[in-house]
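Please walk me through this model.

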Amino acid sequence: MDYFKIYPQAIYLYPDAPRQLTGLLHYQLEQYGCFYKSRTCSVSLVKDESLGGKWSIVAEEFEAGNSTFTGFMEALNYYMIGVLGVDPFEEIERGQKASVNVHFNDVLFDVESRQIVKIPKAKSKSRLSA
């Protein structure tokens with residue numbers, strides 16, 4: 001049984017400085033099978049030209065007392081780049097958008113594997129009815 005889960009909901013980003021986007025990450029926390037907090041934290045996407053333009057999401061604040069949050073942010077970086085194929089800088093630089101909004105549907109951060117995974121169907125339906 002997992003005692004703690006993080007459900008990313010959405011991230012909203014807009015240009016703030018050269019090679020940097022700023023925004024908000026919305027997520028929910030579940031502990032012992034009960035959703036107990038909807039949270040929002042400030043985030044930045046920082047682009048490092050010395051690493052070939054690679055970017056990463058940096059949380060401006062961390063969930064108090066939660067050592068799992070660092071792993072969550074690493075997994076979210078991988079999920080956005082490697083799974084969703086989202087490059088917010090590219091979308092804004094092409095002039096297609098003034099901001100970037102990414103919604104995460106039916107996924108959670110699995111603490112054991114330290115990955116963003118699909119919510120099992122039974123849990124997905126019960127979560128929607130809560």
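How many salt bridges does a search of the whole structure find? The search finds 2 salt bridges, each a side-chain nitrogen of Lys or Arg within 4 Å of a carboxyl oxygen of Asp or Glu. This is a predicted model, where local features need pLDDT of at least 70 and side-chain atom pairs count only at pLDDT 80 or more, while totals for chains, interfaces and linings use all residues. Residues are numbered from 1 along each chain as its sequence is written, and side-chain values use heavy atoms, with hydrogens and water left out.

Take Glu 93 and Lys 47. They form a salt bridge, with the closest N and O atoms 3.2 Å apart. This pair links distant parts of the chain: Glu 93 sits in helix α2 (residues 88–93), Lys 47 in strand β3 (residues 34–48), and 46 residues separate them. Helices (H or I, at least four residues) and strands (E, at least two) are DSSP runs, numbered from the N terminus. Glu 93 is exposed, at 58% relative accessible area. Lys 47 is buried, at 16%. Here buried means under 20% relative accessible area, exposed over 50%, and partly exposed in between, with a 1.4 Å probe and protein chains only.

The other pair is Glu 90 with Arg 94, whose closest N and O atoms are 2.7 Å apart. Glu 90 is partly exposed, with a relative accessible area of 39%. Arg 94 is also partly exposed, at 47%.

Now turn to strand β3 again. Ser 44 lies in this strand. Is Ser 44 buried or exposed? Ser 44 counts as buried because its relative accessibility is 5%. Its side chain makes a polar contact of 2.7 Å with that of Glu 60. A polar contact is a pair of N or O atoms within 3.5 Å; within protein, one must be able to donate a hydrogen and the other to accept it, and residues adjacent in sequence count only if both atoms are side-chain atoms. Leaving aside residues up to four places away in sequence, Ser 44 touches several residues, including Leu 21, Thr 22, Ile 57 and Glu 60. Contact means heavy atoms within 4.5 Å.

Thr 22 belongs to strand β2 (residues 20–31). Thr 22 is buried, at 15% relative accessibility. Its side chain has a polar contact of 3.0 Å with the side chain of Asp 16. Beyond four places in sequence, Thr 22 touches Tyr 12, Leu 13, Tyr 14, Asp 16, Val 43 and Ser 44.

Next comes helix α1 (residues 68–83), which holds Val 83. The helix has 16 residues and reaches 21 Å from its first C-alpha to its last, close to the 22 Å expected at 1.5 Å a residue. That expected span is 1.5 Å times one less than the number of residues. Among the buried residues of α1 are Phe 69, Phe 72, Leu 76 and Met 80. Just after α1, Gly 85 takes a positive phi of about 70°.

Two loops complete the tour. Asp 106 is in the loop between β5 (100–103) and β6 (107–110). Its phi is near 55°, a positive value in a residue other than glycine. Asp 106 is partly exposed, at 35% relative accessible area. Arg 114 is in the loop between β6 and β7 (115–118). Its phi is near 60°, again positive in a non-glycine residue. Arg 114 counts as partly exposed, at 42%.
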